[in-house]
Amino acid sequence: MSDPRSSRAVYPGTFDPFTDGHRDLVDRARRLFEHVTVLVAVNDEKRPTRTGAERALDIRAVLPADWENVTVAAWSGLTAAYCRKHGAGVIIRGVRNPGDAARENQLAAMNETLGATTLFMPARPELATISSTAVRAANGGDSLES
């Protein structure tokens, strides 16, 4: 059996903002994989509050320096295309509730046909109610879904 940490994974999202739930998933994923890229989606249709590059810099700044196997990048294409280009075989997705699971399952099926397997990671119960949408709303931001 091969070393389970001998692979690369990508954790994509808008991350507007990056929450404690996101940080927890990165922490858990970095222990499972040789390398994890937090992939900041550049998608203007979601009307993010900051550019992808700014969000990527903000995320890197809040991740511990000793998480050496974690990088952060901004990307405007399909996640599966990033995976192919950078040799990542797994897409990490957090799931907070049954609604998330249904949406994520559809995306996972598409990504599987494009060559990337999706690993669903359930949110810890104490973090399951946190969403970027709620955080933005609480801070006076726009209430679009994240």
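This is a predicted model: local features need pLDDT of at least 70, side-chain atom pairs count only at pLDDT 80 or more; totals for chains, interfaces and linings use all residues.
Residues are numbered from 1 along each chain as its sequence is written, and side-chain values use heavy atoms, with hydrogens and water left out.

Now the strands. β1 covers residues 8-13 and β4 covers residues 90-95. They pair in the parallel sense, over two bridges. Pairing here requires that DSSP finds at least two bridges between the two strands. Strands are DSSP runs of E with at least two residues; helices are runs of H or I with at least four; both are numbered from the N terminus. As background, strands of a sheet pair through backbone hydrogen bonds, either parallel or antiparallel.

Next, the whole sheet. Five strands make an open sheet. The order is β3-β2-β1-β4-β5, and the pairing is parallel. Which strands stand at the edges? β3 (70-75) and β5 (117-122) do. Each has a single partner strand, so one side of each is left without a neighbour in the sheet. On average, neighbouring strands of this sheet are turned by 30 degrees against each other, direction ignored. For such angles, axes are lines fitted to C-alpha atoms, for helices over the stretch in contact; angles run from 0 to 180 degrees between N-to-C directions.

On to helix α1, residues 20-30. How many of its eleven residues are buried? Nine, so α1 is largely enclosed by the rest of the structure. Buried means under 20% relative accessible area, exposed over 50%, partly exposed in between, with a 1.4 Å probe and protein chains only. Among the buried ones are G21, H22, L25 and R30. R28 sits in this helix too. Its relative accessibility is 17%, so R28 counts as buried. What does R28 touch? M121, P122, A123 and R124, leaving aside residues up to four places away in sequence. Contact means heavy atoms within 4.5 Å.

Last, the rings. Rings of Phe, Tyr and Trp (its six-membered ring) pair if their centres lie within 6.5 Å; planes under 30 degrees apart count as stacked, over 60 as edge-to-face, the rest as tilted. That rule gives three aromatic pairs. In one, the Y11 and F15 ring centres are 5.2 Å apart with planes at 65 degrees, so the pair is edge-to-face. In another, F15 and F18 have centres 5.5 Å apart and planes at 65 degrees, so that pair is edge-to-face. Y11 is buried, at 5% relative accessible area. F15 and F18 are both buried. Together, Y11, F15 and F18 form one aromatic cluster.
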